[in-house]
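Please look through the sequence and the model shown below. The paragraphs after it go from the whole chain to single residues.

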Amino acid sequence: FSIYTDAEGKGKKKIDLVTSLARCTLIRSVIELWGAASTIEDCVKVTKDKNFQKRHQQGEHLGDAATKYEDRTFKITIHTLGSTYTREEQNVMRSQFSFLDFPGAVQMKNPSD
């Protein structure tokens with residue numbers, strides 16, 4: 001994702017996502033959705049089929065000041081609508097995404113990713 005300084009996208013300056021969001025005062029958080037489905041199994045399949053992880057490893061969308069991929073912390077959040085899951089059930093859901101194999105540490109509060 002990039003924003004250019006002119007409306008036609010031909011501007012000399014390309015602004016990365018982090019820089020453009022830093023100019024916004026009402027942004028509370030930014031979430032990159034990698035998969036959505038009606039069942040956890042389908043969500044895992046959709047996430048495997050997409051190429052988000054490779055783009056994420058490159059980190060181009062994070063700008064030049066981004067932390068190296070190996071050093072970034074992360075968390076996987078389970079969002080549901082009209083359902084409630086216990087912490088143990090959510091951990092089982094998260095474990096199904098272990099194929100992502102993020103190198104950094106899990107950090108539930110204020111992760112870099």
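**From chain to side chains**

Among contacts in the protein chain with a separation of 6 or more, 53% are made by residues 24 or more positions apart; contact here means heavy atoms within 4.5 Å. The model is predicted, and local features need pLDDT of at least 70, side-chain atom pairs count only at pLDDT 80 or more, while totals for chains, interfaces and linings use all residues. Residues are numbered from 1 along each chain as its sequence is written, and side-chain values use heavy atoms, with hydrogens and water left out.

The protein chain has four helices and two strands, in the order β-β-α-α-α-α along the sequence. Helices (H or I, at least four residues) and strands (E, at least two) are DSSP runs, numbered from the N terminus. Of the 113 residues, 24% count as buried. Buried means under 20% relative accessible area, exposed means over 50%, and partly exposed lies in between (1.4 Å probe, protein chains only). The accessible surface of the protein chain is about 8,900 Å², and carbon and sulfur atoms hold 52% of that surface. Such areas come from the Shrake-Rupley method with a 1.4 Å probe, and for residues only the protein chains shown count as cover.

Helix α2 covers residues 40-49. Which residues of α2 are buried? They are C43, V44 and T47. These three lie on the same side of α2, because they cover an arc of only 100° around the axis; the arc is that of the directions from the helix axis to the C-beta atoms. An α-helix has 3.6 residues a turn, so residues three or four places apart point the same way. The face of α2 turned away from the buried side carries the exposed residues E41, K48 and D49.

T47 has a relative accessibility of 8% and therefore counts as buried. Beyond its neighbours within four places in sequence, T47 is in contact with W34, G35, F97, F99 and L100. For C43, with neighbours within four places again left aside, the contacts are G35, A36, A37 and F97.

C43 and V44 also belong to the largest nonpolar core, whose eight residues are W34, C43, V44, Y69, F74, F97, L100 and F102. A nonpolar core is a set of buried Ala, Val, Leu, Ile, Met, Phe, Trp, Tyr and Cys residues joined through side-chain atoms within 4.5 Å. In soluble globular proteins, nonpolar side chains tend to be buried together.

F97 also takes part in the one aromatic pair that a search of the whole structure finds. The ring centres of F97 and F99 are 6.2 Å apart and the planes are at 35°, so the pair is tilted. Rings of Phe, Tyr and Trp (its six-membered ring) pair if their centres lie within 6.5 Å; planes under 30 degrees apart count as stacked, over 60 as edge-to-face and the rest as tilted. F97 counts as buried because its relative accessibility is 10%, whereas F99, at 29%, counts as partly exposed.

How many salt bridges does a search of the whole structure find? The search finds one, formed by D49 and K45, with the closest N and O atoms 3.0 Å apart. A salt bridge is a side-chain nitrogen of Lys or Arg within 4 Å of a carboxyl oxygen of Asp or Glu. D49 and K45 are four residues apart in helix α2, so about one helical turn separates them. D49 is exposed, with a relative accessible area of 53%.

The C-alpha atoms of T77 and R94, 17 residues apart along the chain, are separated by 8.1 Å.
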